[in-house]
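Dear colleague,

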Amino acid sequence: MNVQKDKLFIREEDFPGYQPAGHTGTVNRRIVGPGQGARHLEVVLGTIDPGQGASSHFHPGIDQFCYMLQGTASVTIGNEIREIGPGEGCFFPADTPHTFTATGNESVRVLVVYGPPYHEGARVEVEDV
């Protein structure tokens with residue numbers, strides 16, 4: 001294995017937050033990706049303020065899975081709309097339009113997995129929260 005041992009165990013505070021393009025009230029932290037030696041997936045921990053989230057978009061050639069850790073969100077995948085909460089997830093097949101909006105009174109915490117890695121550049125780096 002050609003990966004530094006200090007990159008095999010993850011702590012949220014070790015990764016800078018950034019605001020992804022097309023999202024409002026969102027702070028993402030790329031916690032697994034090429035920086036840790038991952039070649040086939042990327043994992044992001046997102047925090048989204050109530051009423052905020054991602055406008056309609058899609059990822060060319062990239063599958064995306066979201067798993068809710070905290071809060072509730074309204075999710076649209078193509079023509080399907082559903083509200084999800086902790087312990088639930090949603091899958092966005094590559095090239096499928098989708099939206100994701102935090103609902104309720106508490107922030108959403110969501111684990112996001114991309115395959116292959118998205119490699120989205122940080123558009124705006126944010127202060128640690």
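Is Arg109 buried, partly exposed or exposed? Arg109 is partly exposed, since its relative accessible area is 22%, and the limit for a buried residue is under 20%. Please bear in mind throughout that this is a predicted model.

Overall fold

The protein chain contains 10 strands and 0 helices. Along the sequence the pattern accordingly reads β-β-β-β-β-β-β-β-β-β. Of the 129 residues, 36% are buried. Among the contacts with a separation of 6 or more, 66% are between residues 24 or more positions apart. The chain exposes about 7,400 Å², of which carbon and sulfur atoms supply 53%.

Salt bridges

The search of the whole structure gave 5 salt bridges. One of them joins Arg29 to Glu12, with 3.7 Å between the closest N and O atoms. This pair links distant parts of the chain, as Arg29 belongs to strand S2 (residues 23-32) and Glu12 to the segment before strand S1 (17-19), 17 residues apart. Arg29 counts as buried at 5% relative accessibility, whereas Glu12 is partly exposed at 29%.

Glu12 also forms a salt bridge with Arg109, where the closest N and O atoms are 3.1 Å apart. Because Glu12 lies in the segment before S1 and Arg109 in strand S9, this pair ties together parts that are 97 residues apart in sequence.

A further salt bridge is formed by the side chains of Arg30 and Glu42, at 2.8 Å from N to O. Here, too, distant parts of the chain are linked: Arg30 is in strand S2 and Glu42 in strand S3, 12 residues apart. Arg30 is partly exposed, with 24% relative accessibility, while Glu42 is buried, with 1%.

In soluble globular proteins, nonpolar side chains tend to be buried together. In this model the largest nonpolar core has 18 residues, and those with the most contacts inside it are Cys66, Met68, Val75, Cys90, Phe100, Val108 and Val110. At least two core residues come from each of strands S3 (42-57), S4, S5 (72-77), S7 (89-92), S8 (98-103) and S9 (108-115). The greatest contribution is that of S9, with 4 residues.

Leaving aside residues up to four places away in sequence, Val108 touches Gly46, Thr47, Ile48, Met68, Gln70, Gly71, Thr72, Ala73, Phe100 and Ala102.

The nonpolar surface patch

Strand S4 (residues 63-70) gives the most to the patch, with 3 residues. Phe65 is found in S4 and is partly exposed, its relative accessible area being 34%.

Phe91 has its place in strand S7 and is likewise partly exposed, at 43%. Phe91 and Tyr67 are 24 residues apart in sequence and 9.0 Å apart in space, taken from C-alpha to C-alpha. Beyond residues up to four places away in sequence, Phe91 touches Asp63, Gln64, Phe65 and Ile77.

Aromatic pair and backbone features

The structure holds 1 aromatic pair. The ring centres of Tyr114 and Tyr118 are 5.0 Å apart and the ring planes lie at 40°, so the pair is tilted. Tyr114 is buried, with a relative accessible area of 8%, whereas Tyr118 is partly exposed, at 26%.

Two points of the backbone remain to be reported. Most residues other than glycine have a negative phi, and most peptide bonds are trans. Gly115 and Pro116, however, are joined by a cis peptide bond, with omega about -10°. Pro116 is found in the loop between S9 and strand S10 (124-126). Asp95, although not a glycine, has a positive phi of about 70°. Asp95 is found in the loop between S7 and S8 and is partly exposed, with a relative accessible area of 46%.

Yours sincerely

Conventions. Residues numbered from 1 in each chain as written. Predicted model: local features only at pLDDT ≥ 70, side-chain atom pairs only at ≥ 80, totals over all residues. Heavy atoms only, no water. Buried < 20%, exposed > 50% of the residue type's maximum accessible area, 1.4 Å probe, protein only. Contact = heavy atoms within 4.5 Å. Areas by Shrake-Rupley, 256 points an atom, 1.4 Å probe, with all protein chains shown as cover. Phe/Tyr/Trp six-rings, centres within 6.5 Å; stacked < 30°, edge-to-face > 60°. Core = buried A, V, L, I, M, F, W, Y, C linked by side-chain atoms within 4.5 Å. Salt bridge = Lys/Arg side-chain N within 4 Å of Asp/Glu carboxyl O.
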